[in-house]
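Hi everyone, thanks for making time this morning. Let's bring the model up on the screen and walk through a few of its features together.

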Amino acid sequence: MPLRQARNVVLIAVMGLPLAVATHIVLADTPRTAVEYKEHPSEMLEAYRHVEAASVSDAMEQLLHEKHYMSHRMEAIFPTKFAGVALTVKLIKQENQDPDALGGMLQAIDSGGPGAVYVMQVEDGVDIAGMGGLMGTAMSARGFAGAVVDGGVRDVAQLKRIGFPVYSTGAVPSTSVGHYRFAGVNVPVDCGSVQVNANDIVVADQDGVVVVPREHAAEVLIRAQQLDYSEHAMYPFIEKAHSIVDAVKQFGRI
């Protein structure tokens, strides 16, 4: 069948469906090849927003044989799901009276935009708030997808009020002002026991945070989509068969 005729048949079929079903078809994710994702990074990022962090983690173990998920210490201030591009910031511990010691940290926020994920390493910062309500409000206003801070966070009530998602090691009332110094933006950082580089893909949901090296992002996404599909297909199979053993035999996944 000619391509144009085939498209017309699909269009007629969709138009004949109930609105809810047709909308689902139109808006559903369309898996692409690795080459296509690399050529259309915005579509790749959008697709990452629809896969589960656990599937992304499994995909990287299968393809790269490496661990790229952050420690369980990294917890969300409220249940969330996001994916974005890493903008990294590093703070080093250094007592000071310099009013500009953290200026670079603020400039880094103003350099980011829609889809960015603020990824911060706070040296020995479990009891230091690496960010709070003011920084979170600025990130939210600029369209950041979220923030991941290997250190504490404060002003949690404000962050929840504006609905800005943050992962951190916990809530603390302290400040980094006078105790830390900005050490670089878009430099490699160690966050949640994972090395994160600028422009890596960060995927987060209620299972935790996973970091995908940019050079492998397309291949990992495709594998994660396959894993998501097989797992979601297993749920109704298990409910009907009442057997997880049979499901694993059928789908080859656990």
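**A buried ring and its surroundings**

Let me start with Phe 82, which counts as buried because its relative accessibility is 6%; buried here means under 20% relative accessible area, exposed over 50%, and partly exposed in between, with a 1.4 Å probe and protein chains only. Before going on, a word on what we are looking at: this is a predicted model, where local features need pLDDT of at least 70 and side-chain atom pairs count only at pLDDT 80 or more, while totals for chains, interfaces and linings use all residues. Residues are numbered from 1 along each chain as its sequence is written, and side-chain values use heavy atoms, with hydrogens and water left out.

So, which aromatic pair does the structure hold? There is one, formed by Phe 82 and Tyr 167 in an edge-to-face arrangement, 6.2 Å centre to centre with 65° between the planes. For the cut-offs, rings of Phe, Tyr and Trp (its six-membered ring) pair if their centres lie within 6.5 Å; planes under 30 degrees apart count as stacked, over 60 as edge-to-face, and the rest as tilted. The pair links distant parts of the chain, with Phe 82 in strand 2 (residues 82–93) and Tyr 167 in strand 7 (residues 166–168), 85 residues apart. Helices (H or I, at least four residues) and strands (E, at least two) are DSSP runs, numbered from the N terminus. Tyr 167 is buried too, at 3% relative accessible area.

Now look along strand 2: nine of its 12 residues are buried, so the rest of the structure largely encloses it. Strand 2 runs antiparallel to strand 12 (residues 201–205), joined by four bridges, and Val 85 has Ile 201 as its bridge partner there. With strand 3 (residues 116–122), strand 2 pairs in the parallel sense over seven bridges, and here Val 85 stands opposite Ala 116. Pairing requires that DSSP finds at least two bridges between the strands.

Strand 4 pairs with strand 6 (residues 152–153) over two bridges, and Ala 129 stands opposite Gly 152.

One last stop, helix 10 (residues 244–251), where we find Ile 244. Ile 244 is partly exposed, at 49% relative accessible area.
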